[in-house]
Amino acid sequence: MASSSRIDYEIISDPFNPQCVIAGFIPLWRDNEKEKLLLERIRGKEDNTSLKYTPQEERDLINGQIRNSQGFDVDFSMFRCLFNFYPSSLDESHSTLIRETDRIFFGRLAQESIADYNIKEGTSFDFLEVEKANLYRSKGYIYFITFVAKDPCHQTKVFQAKVCNVFCREIEHSFCRLKPGQQVECDEDSKRVVKKPSDPFDPECVIASFNALLGELTEKEKLLLERIRGKEDNTSPKYTDQEERDLINKQIRKSQGFDVDFSKFRCLFDFYPSFLDERHSTLIRETDRRFFGRLAQESIAGYNTREGTSFKFVEVDKANLYRNRGYTYFITFVAKDSCDQTRVFQAKVCNVFCREIEHSFCRLKPGQKGECDEDSKRVVKKPRYNTRSNKRLGVTMNVS
């Protein structure tokens, strides 16, 4: 916990606050050749021209550089002490839990960061390569990643991203920004192709990312992947990881999250289909079919009230899930109209942790006719107020 003289990085609300990180000593034992070699790799070989500071002076110096650069630019050649803030050797792995090189691992995080930046700022930068990364080890890791991306004019820009990987928690992207001192715009920036996701119908509200950052899949994950896509054979298409990520996000954009061909993928993503006769979460005590059936009934009730129709829920067809700080559900279901003709509907429902479930929208699946001859006999009147609350709608559920 934090004391009066030191603020812990988890308590500070501003992720740009450099006090989120304070470097501390890692003991360097005289007979430990491994630590000596590590220190030599970080700073280079020591000679008569090397600067000499006391350990406390070095600690003050490294924390001064952390504050000035907000963790991204530190001259480690000045130090004879080992700290829990140190640079990455990009062609190795920084942890036994990471089964790929830091260059690949941080490259993946940088791609996720620039994707979030594009949505937030309405830009269209493409990731190129990781330039360097610093690590802070305390109750997990904080990564300070410097990477290069190109804009629509193919001009390169340097970005900085801070990512938190605290033990027993999901990886969190604190911020991504252009490195200070660069120009942001190019002549084609007025043609920005990515919009801010204020519209719930905007597919950019969802960007699929890799489900695991651990390289080789576990047996459990392999079985899950096989169930999602089916058994792989010689006819299965082969893509790189990045090609698969681009492909699934293209399908999400095109169908707005409802129709994705998961048989194409060998990677696990945080966007995946539901097994309707099982439970997707230990917090849900009923099958997905019943759970999504109830959400579909609530969605169609809201649709009826808004549109003045009288559709009745029949069954859930399928559902896709996006897991990110909770769940977003993309439910495809069947309902029948007053002529007993069936229609296919699509509903998007958000279930963010520690919040009430929110129905984003419900609509007829594109390409269908919504009316029947008896729709003029609509029995549900439009409300005099707008609401998504089931209590105010007077909706009762009965899922068999």
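**Cysteines, salt bridges, sheet and rings**

Colleague: Start with C267. Buried or exposed?

Modeller: C267 counts as buried, at 13% relative accessibility. Keep in mind that this is a predicted model.

Colleague: And C176, buried or exposed?

Modeller: C176 is at 9% relative accessibility, so it counts as buried.

Colleague: How many disulfides does the structure hold?

Modeller: The count is 0 disulfides.

Colleague: OK, charges. How many salt bridges turn up?

Modeller: Searching the whole structure gives 12 salt bridges. One of them pairs K179 with D73, with the closest N and O atoms 3.7 Å apart.

Colleague: Where do K179 and D73 sit?

Modeller: K179 is in the loop between β7 (172–178) and α4 (219–229). D73 is in the loop between α2 (55–69) and β2 (82–83). The pair therefore ties together parts that are 106 residues apart in sequence.

Colleague: How accessible is K179? And what about D73?

Modeller: K179 has a relative accessible area of 27%, so it is partly exposed. D73 is also at 27% and counts as partly exposed.

Colleague: Which residues are linked with K179 in a network of salt bridges?

Modeller: D73 and K132. Together with K179 they make up the network.

Colleague: What about R103 and D91, how do their side chains meet?

Modeller: In a salt bridge, 3.0 Å from N to O. R103 belongs to helix α3 (residues 102–121), while D91 lies in the loop between β3 (85–87) and α3. The two are 12 residues apart.

Colleague: Now R108. Which residue does R108 form a salt bridge with?

Modeller: E100, and the closest N and O atoms are 3.2 Å apart. R108 is at 11% relative accessibility and counts as buried. E100 is at 11% and counts as buried as well. The cut-off for buried is under 20%.

Colleague: Switching to the sheet. What is the strand order?

Modeller: β8-β9-β10-β11-β12, an open sheet of 5 strands with antiparallel pairing.

Colleague: Which strands stand at the edges?

Modeller: β8 (271–273) and β12 (358–364). Each has a single partner strand, so one side of each is left without a neighbour in the sheet. On average, neighbouring strands here are turned by 25 degrees against each other, direction ignored.

Colleague: How many bridges join β11 to β12?

Modeller: 6 bridges, with β11 covering residues 342–352 and running antiparallel to β12. Q346 stands opposite R363 in β12.

Colleague: Last topic, rings. How many aromatic pairs are there?

Modeller: The structure holds 29 aromatic pairs. F79 and F83 make an edge-to-face pair, at 5.9 Å centre to centre and 80 degrees between the planes. F79 is buried, with a relative accessible area of 2%, and F83 counts as buried at 3%.

Colleague: And F262 with F271, stacked or edge-to-face?

Modeller: F262 and F271 are stacked. Their centres are 6.2 Å apart, with 20 degrees between the planes. The planes are under 30 degrees apart, so the pair counts as stacked. F262 is buried at 10%, and F271 counts as buried at 1%.

Colleague: Which residues do ring pairs link into a cluster with F262 and F271?

Modeller: F258, Y322, F330 and F361 join F262 and F271 in that cluster.

Methods: Residues numbered from 1 in each chain as written. Predicted model: local features only at pLDDT ≥ 70, side-chain atom pairs only at ≥ 80, totals over all residues. Heavy atoms only, no water. Pairing = 2+ DSSP bridges. Helix = DSSP H or I, 4+ residues; strand = E, 2+ residues; numbered from the N terminus. Axes fitted to C-alpha atoms, helices over the stretch in contact; angles between N-to-C directions. Salt bridge = Lys/Arg side-chain N within 4 Å of Asp/Glu carboxyl O. Buried < 20%, exposed > 50% of the residue type's maximum accessible area, 1.4 Å probe, protein only. Disulfide = S-S within 2.5 Å. Phe/Tyr/Trp six-rings, centres within 6.5 Å; stacked < 30°, edge-to-face > 60°.
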